[in-house]
Amino acid sequence: MVFQNLTVRRRLAQALVPGLVISALSIASGAYPPSQTIAWFWATYVLYFALFGALVLVPFVTATTHRKGRLAALVIATPALWILFALFSEGLVSLWWDLYPSYYSSACLFLLFSLLLGGLLSLLAPLRFSPRLCMSLGLAGVVMGLLSQFFIEHFLCIFFCDAMDNLPLLVPIILWPVLFCAAVIVGKRETRLGTSDAIQE
């Protein structure tokens, strides 16, 4: 399958897969609460971002040189970037925003992470990191941050929780890859029809 020839609809459909896989794992593990350890949490999110890299970022690779290396690098680097950013943002939130994220802090964090993923994609795909792409990714990050914080504040159950209480929190997890994919599709298009910012090497 030639990934860069996928239709927009197919790209967005593929972008649903990481969230759906993690949702299925979360629902299955809900029946066995002892399995939900810190190690399980990290492994789940590493899988999520590996799928994110494979199914959302990889289809944007247009370079023909070192193609297999680029594909593998995106799949490996995406979860690695998330781990580094998760460790960094935990300190950032506790330092700047009093431990508990707010709408402002969540929007800022997703904005930064969106731009980092866009930078990774611009290096490895490669894509031209234009102002249009930067604005598109930034908007997607802000929307994702606000959406995530909304679901955290309205649906997060901490005490006396039923296994199903936190299921609405899966909605942002499902939508995030789709939103990012749509942002890249919109951001890499130029004003003229039929043209693209994609760089081939």
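**Labels and cut-offs**

Guide: Phe110 is partly exposed, with a relative accessibility of 22%. The model is predicted: local features need pLDDT of at least 70, side-chain atom pairs count only at pLDDT 80 or more, and totals for chains, interfaces and linings use all residues. Residues are numbered from 1 along each chain as its sequence is written, and side-chain values use heavy atoms, with hydrogens and water left out.

Visitor: Why is Phe110 called partly exposed?

Guide: Buried means under 20% relative accessible area, exposed over 50%, and partly exposed in between (1.4 Å probe, protein chains only). Phe110 has 22%, so it counts as partly exposed.

Visitor: Why is Trp176 called buried?

Guide: Its relative accessible area is 2%, which is under 20%, so Trp176 is buried.

Visitor: What makes Phe110 and Trp176 an edge-to-face aromatic pair?

Guide: The structure holds 18 aromatic pairs. For Phe110 and Trp176, the centres are 5.5 Å apart and the planes are at 75 degrees. Rings of Phe, Tyr and Trp (its six-membered ring) pair if their centres lie within 6.5 Å; planes under 30 degrees apart count as stacked, over 60 as edge-to-face and the rest as tilted.

Visitor: What makes the charged end of Arg11 sit over the ring of Phe60?

Guide: The criterion is NZ of Lys or CZ of Arg within 6 Å of the ring centre and within 35 degrees of the ring normal. For Arg11 the distance to the centre of the Phe60 ring is 4.8 Å.

Visitor: Why is Ser23 called buried?

Guide: Ser23 has a relative accessible area of 7%, under the 20% limit, so it is buried.
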